[in-house]
Amino acid sequence: MIILFSGGLVLLLLVILWQYLRLREHGRQLEYIHSKLESIMDRGSHERLLLFGSDPALQKLLASLNSLLDVNHKGAVEMARMEQSMRHMLANISHDLKTPLTVVLGYIETLLQDHSMPAEERERMLRTIHAKAEEVITLMNRFFDLAKLESGDKDIPLTKVELGELCRRNILSFYELLSAKGSEVQIDIPDEPLYIMGNEEALDRVLGNLLSNAISYGDAGGVLGLRLYSQADKVCIEVWDKGKGIAEDHQDKIFERLYTLEDSRNRTYQGSGLGLTITKRLTEQMNGTIKLTSKPYVRTAFTLSFSRLDF
């Protein structure tokens with residue numbers, strides 16, 4: 001009996017010792033997790049927690065903590081990207097406003113100081129001042145439009161729109177400019193009417209932005225194309241040119257606000273960097289998509305896609 005009792009006592013002590021060692025190991029592991037987490041958060045590194053053990057509960061905890069670290073790292077990367085974008089945006093805003101305002105102030109100073117200036121020269125300067133002031137107003141209106149689109153304050157009611165007539169009207173509005181540049185125009189618009197749920201004013205602005213962009217940046221290719229076609233349940237509008245194009249490393253940024261293609265396009269033609277951003281936002285407001293494909297001096301195309309409306 002005594003032997004049996006002694007054996008049970010030894011077994012109990014062994015169990016207690018095993019539990020103690022297990023709890024101490026858990027304590028060391030939790031302390032490691034705590035100190036490692038503090039180190040990762042303090043340094044903002046992309047390290048992950050490693051745990052050598054078979055405890056299912058700790059493994060699940062570790063997996064959840066590593067998932068949270070991934071989310072935190074992605075958020076930090078996105079915040080850094082947004083800060084860089086904001087700095088770039090502010091630099092562009094400053095440049096785009098400073099350039100016309102510098103001309104305005106310079107001409108005004110000249111007019112104030114030179115009282116003997118010929119009337120013709122005075123009128124030319126006043127017209128330049130007026131044009132530059134309009135540039136500033138146009139730029140500010142674009143900023144306000146983009147702000148309204150991104151905040152959801154700009155209502156775009158959708159109605160049935162026939163895209164064939166809309167495309168013809170828009171390409172005709174650029175006829176004189178294209179003729180002056182001597183550009184070849186290739187138009188492919190089917191006789192069959194193609195309908196979508198859209199907004200004519202917004203579509204005019206979207207198509208106008210794409211056409212003026214192709215004329216300004218793609219004129220080196222000597223040809224501009226406009227194609228309207230249906231594909232399954234979609235209706236697509238493609239505006240293309242054979243100009244310098246857009247380098248591959250810029251293509252994923254082309255629709256970012258105030259991105260001005262400093263390396264991939266001729267700096268002479270740079271604008272505010274808002275046109276394509278507004279174009280994308282307007283397209284999305286009409287439940288459409290826009291994509292870019294570009295091979296320099298071969299084909300650069302912006303393609304709009306909308307759900308086809310059948311009757």
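Colleague: How many helices and strands are there in the chain?

Modeller: There are 8 helices and 7 strands in the chain, where a helix is a DSSP run of H or I with at least four residues, a strand is a DSSP run of E with at least two, and both are numbered from the N terminus. This is a predicted model, in which local features need pLDDT of at least 70 and side-chain atom pairs count only at pLDDT 80 or more, while totals for chains, interfaces and linings use all residues. Residues are numbered from 1 along each chain as its sequence is written, and side-chain values use heavy atoms, with hydrogens and water left out.

Colleague: What makes threonine 283 buried or exposed?

Modeller: Threonine 283, which has its place in helix H8 (residues 275–285), has a relative accessible area of 0%. A residue is called buried under 20%, exposed over 50% and partly exposed in between, with a 1.4 Å probe and protein chains only, so threonine 283 is buried. Leaving aside residues up to four places away in sequence, threonine 283 touches Val206, Gly288, Thr289, Ile290, Leu304 and Phe306, where contact means heavy atoms within 4.5 Å. Other residues of H8 are buried as well, including Leu276, Ile278 and Leu282.

Colleague: Why is glutamate 284 called partly exposed?

Modeller: Glutamate 284 lies in helix H8 too, but its relative accessible area is 40%, a value between the two cut-offs, and therefore glutamate 284 counts as partly exposed.

Colleague: How do you know that the side chain of glutamate 284 makes a polar contact with the side chain of lysine 280?

Modeller: The distance between them is 2.4 Å, whereas a polar contact is a pair of N or O atoms within 3.5 Å, of which, within protein, one must be able to donate a hydrogen and the other to accept it, and residues adjacent in sequence count only if both atoms are side-chain atoms. The pair of glutamate 284 and lysine 280 is therefore a polar contact.

Colleague: How are H6 and H8 placed, and at what angle do their axes cross?

Modeller: Two packed helices are described by the angle between their axes and the distance between the axes. The axes of helix H6 (residues 200–218) and H8 come within 9 Å and cross at roughly 145°, the axes being lines fitted to C-alpha atoms over the stretch in contact, with angles from 0 to 180 degrees between N-to-C directions. On the H6 side the contact is made by Ala202, Arg205, Val206, Asn209 and Leu210, and on the H8 side by Gly275, Leu276, Ile278, Thr279, Leu282 and Thr283. These residues divide into 6 nonpolar, 4 polar and 1 charged, where Ala, Val, Leu, Ile, Met, Phe, Trp, Tyr, Cys and Pro count as nonpolar, Asp, Glu, Lys and Arg as charged, and the others, Gly among them, as polar.

Colleague: Which residues of helix H4 are buried, and how do you know that they line one face of the helix?

Modeller: In H4 (residues 163–173) the buried residues are Leu163, Gly164, Leu166, Cys167, Asn170 and Ile171. Seen down the axis of H4, they fall within an arc of 165°, so they line one face of the helix; the arc is that of the directions from the helix axis to the C-beta atoms. Leu172 and Ser173, on the other side of H4, are exposed. Glutamate 162 caps the N-terminal end of H4, with a side-chain oxygen 2.8 Å from the backbone nitrogen of glycine 164.

Colleague: What is the phi of asparagine 287, and what makes asparagine 287 buried or exposed?

Modeller: Most residues other than glycine have a negative phi. Asparagine 287, in the loop between H8 and strand S6 (289–295), has a positive phi of about 60° although it is not a glycine. Its relative accessible area is 61%, so asparagine 287 is exposed. Tyrosine 297, in the loop between S6 and strand S7 (299–307), has a positive phi near 60°, and with a relative accessible area of 52% tyrosine 297 is exposed.

Colleague: Why is asparagine 199 called buried?

Modeller: Asparagine 199 is found in the loop between strand S3 (195–198) and H6, and its relative accessible area of 13% is below the cut-off, so asparagine 199 is buried. A polar atom of the side chain of asparagine 199 lies 3.1 Å from the backbone nitrogen of glutamate 201. Among the residues that asparagine 199 touches are Ile156, Pro157 and Met286.
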